[in-house]
Amino acid sequence: MIPVMTPDEMRAVDAAAPEGLDVLVERAGAAVARVALEELGGAYGRRVVVVCGKGNNGADGRVAARRLRARGVRVVELDAASASGSVLPACDVVIDAAYGTGFHGTYHAPDPLGAVIVAVDVPSGDVRADVTVTFAALKPALLFSDAAGAVLVEDIGLDVSSARIHVVEPADVLGRLPRRPRNAHKYAVGVAVVAGSPGMTGAAWLVSLAALRCGSGYCRLAIPGADVAAMVPSEAVAVPLAAEGWSSAALASCDRMRALAIGPGLGRAEATVGETKRVLAEAPIPVVVDADGLYALGSLDEAAEVLRSRVAPTLLTPHDGEFARLAGEAPPTGPERIETVRELAARLGATVLLKGPVTIVAAPDGEVLVSRHGPPSLATAGTGDVLTGICAAFLATGLSPLEAGGLGATAHATAAHAGHRVGLVAGDLPELVAAFLSGHGG
């Protein structure tokens, strides 16, 4: 996993480093020079402009300039303040070493005339980089930026083991997901699903199929008031539920199961809300709550009251609108999004997974996992239901809600890249995720 640290956290790490600042700057500048040489494809006859500010970023840029000159590159150094808004000399690569994460003013990037832009740490102002070289850990701003280009994290010898935010990479999913022992039985990773309603059975079907494709050896699907036997994947076990007063039977369906997924397609009638709240409060196993399950929780205070009754862990999986209903306000779209999810998780005492192109998963203790791989093709009906099934299956393996959410969101997003760029439908995803988890896709 890739560590992520805020600017304040990185300053503390810098201050605690056994080496002096001059050593760290030399290492950072050397890393920038290496990346610039890769972009140049060699040194002979190449030209680079380095735009330097007054802070550490500028110092990194000046070291890179010196090292590039030593390799035979023709280098021009320009002051960031005077270069702002100008047109740069013709060159092959521009190194943006103007301003770092602590910059709060306005900076209009000079026109690079089509040259490749390599940004140092983060792009400055309105710079749109082709490559950003950052050091030791990712910065939150880079997770939400469309201007950073390809982001490279370079090791310069800093200790970032104190990071409480990490980005989950596809290899982390394959490496951390528990493997079934040879003597496993079907109930070892059993998942109960309470979802759907008459006319809304597709969501329940997707949750169940995703759970089965992601390692659940046994899946019970209960749809209140529907002819469930005709609606479930053939490998799932149908559990008939009455149209009303179904919470006791739903709780009984959790017997021998290791996790419960509840909410998609249940509906929002007053009676349904009451039954859903009871199941959430009394279910003795880990639960993934999505869609109409989140609606049933109500406002922040109502949700906290229900969740305080639980004896097992909880994972909530809202999109922005559902998050706003729970928290009382819409989440931000930039780096502040991480802290906002952390705050809601702490107030609810539950892990919160906020969906999006960058998915944030925060535990009540403040630990955060980030999935940054979601393609635009996932913006289609039903893909959230598939994510619910994935997370439920991962919970059933014994993963914590934080791990189940972080690994699940990354498996979901990575698998989608192996599907159609245009025309991906939610029903494609369970098979794609299974292929990825088997080492054959993504």
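Me: Is A136 buried or exposed?

Reply: Start with the scale: buried means under 20% relative accessible area, exposed over 50%, and partly exposed in between (1.4 Å probe, protein chains only). A136 has a relative accessible area of 12%, so A136 is buried. This is a predicted model: local features need pLDDT of at least 70, side-chain atom pairs count only at pLDDT 80 or more, and totals for chains, interfaces and linings use all residues. Residues are numbered from 1 along each chain as its sequence is written, and side-chain values use heavy atoms, with hydrogens and water left out.

Me: Where is A136 found, and what is its phi?

Reply: Helices (H or I, at least four residues) and strands (E, at least two) are DSSP runs, numbered from the N terminus. A136 is in the loop between β6 (131-135) and α5 (140-143). Its phi is near 75°, a positive value in a residue other than glycine. R256 has a positive phi too, near 70°. R256 lies in the loop between α8 and β12 (259-262).

Me: How does S248 in helix α8 score for accessibility?

Reply: S248 is at 42% relative accessibility, so S248 counts as partly exposed. Its helix, α8, covers residues 247-252.

Me: Which residues touch the most other members of the largest nonpolar core?

Reply: A nonpolar core is a set of buried Ala, Val, Leu, Ile, Met, Phe, Trp, Tyr and Cys residues joined through side-chain atoms within 4.5 Å. The largest one here has 54 residues. V194, L260, I262, L297, L316 and L348 touch the most other members. A second, separate core has 53 residues, including V193 and L432.

Me: What is L260 in contact with?

Reply: Contact means heavy atoms within 4.5 Å. Leaving aside neighbours within four places in sequence, the partners of L260 include A192, V194, C254, V279 and I285.

Me: At what angle do helices α7 and α16 pack?

Reply: Axes are lines fitted to C-alpha atoms, for helices over the stretch in contact, and angles run from 0 to 180 degrees between N-to-C directions. Helix α7 (residues 202-213) and helix α16 (residues 429-437) pack at about 15°, with axes 9 Å apart. Angles under 35 degrees count as roughly parallel, over 145 as roughly antiparallel, 65 to 115 as roughly perpendicular and the rest as oblique. The two helices α7 and α16 are therefore roughly parallel.

Me: Which residues of α7 and α16 meet?

Reply: L209, A210 and R213 in α7 meet P430, E431 and A434 in α16.
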